[in-house]
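Please open the model in a viewer and keep the selection tool at hand.

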Amino acid sequence: MIEVSQLSKMYKIADKKPGLMGAVQSLFRPKFYIKQAVENISFSIQKGELVGYIGANGAGKSTTIKMLSGIMTPSSGEVLVNGIEPYKNRQKNAGQIGAVFGQRTQLFWDIPVRESYELLMHIYKVPPQQFKQNLEQFVETLGLSSLLGIPVRQLSLGQKMRCELAAAFLHDPSVVFLDEPTIGLDISVKSKIRYFIREMNRTRGTTVILTTHDMQDIEEIVNRIIILDQGKILYDGDTGGIKEDFGNQRVIDFDLTFTDNDRIPIDITEFVSVIQKDPSNGKITLSFNNGEITAAEVIARMMSKFEVHDLSITDTRIEDIVKRLYEREAS
């Protein structure tokens, strides 16, 4: 379904100094520097795959998605999406893909959701019967019945994202690109979105490329992940390998009272790693393997030594996975 070969994208960015003199200099003697957003990446994705395309902020994820969707032209390399070069045949490619780009909307701001869908039906030339069947299924799966008559601008973030997802799948695309579709949403909305994506893949064989910072998205939706860092592919494989290495990793963020000379309790030092420590605001972040020591044990030992004001427990972050992958490669 998707073939990417030696794909690169470079940006030419103006190097402008601040102030009036900087503005004058950039006008008459402009200086530029080159930023390599994506560097010689290659991969292929089969029809019906659910792929997580992940990495830290600035890794090149969104740039890749924009090249695959035809929004952006590569600096070098080749891309084929279902046999089409996206940036050379944008209209034909747009007819076979769907996309949700974070907080950006493809719906029409001032008209009700139903009328937006009807406009999209005409834009994509969806047969009326197919449109009716799709809409009925999406309304039921995503719980949209009460939202169809509301103007898009009056929807909450969670409501709008559910409507956006329905719009992306409305014309039965072969490939759907989802760029951070669950960002900022509450747990119940995330659950509906994850279920909907899996159902579209199961019932229609839709190929889905998902970028996310949410490890729960990766665990519940995708069966393969590609990890990108500084424009290069760091890992490409099934989720089993990552789960085996990082599935038990947890992170605890503590808000407590401590000084620069304080250390974590000695009896847990072999089990936990200090990711971040800032005495100025009382923040300390610990990473640990849940198979070696439980969160309850870590919290109990920290509370026995420090005055803990607040704490939160999360799965390991994408940035931490990238860091540990680098450490593993170096060793």
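Begin by selecting Val113, Tyr117 and Leu120 in helix 4, then Cys163, Ala166 and Ala167 in helix 6: these two groups meet, contact being heavy atoms within 4.5 Å. The residues of this contact are six nonpolar, no polar and no charged. This is a predicted model, in which local features need pLDDT of at least 70, side-chain atom pairs count only at pLDDT 80 or more, and totals for chains, interfaces and linings use all residues. Residues are numbered from 1 along each chain as its sequence is written, and side-chain values use heavy atoms, with hydrogens and water left out.

The crossing of helix 4 past helix 6 is right-handed.

Now turn to the largest pocket, with a volume of about 370 Å³. Select Ile71, Ala99, Phe101, Gln106 and Tyr124, which are the closest to its centre of the 17 lining residues. A pocket here is an open set of points on a 1 Å grid where a 1.4 Å probe fits, with protein on both sides within 12 Å along at least five of seven lines; lining residues have an atom within 4 Å of a point.

Which elements give two or more residues to the lining of the largest pocket? They are strand 5 (97-101) and helix 6. Strand 5 gives the most, with five residues. Finally, colour the lining by class to show nine nonpolar, five polar and three charged residues.

Conventions
A crossing is left-handed if the near helix is turned anticlockwise from the far one by less than a right angle, and right-handed if clockwise. Helices (H or I, at least four residues) and strands (E, at least two) are DSSP runs, numbered from the N terminus. Ala, Val, Leu, Ile, Met, Phe, Trp, Tyr, Cys and Pro count as nonpolar, Asp, Glu, Lys and Arg as charged, and the others, Gly among them, as polar. Grid points are joined across faces, edges and corners, and a volume is the space filled by probe spheres set on the points.
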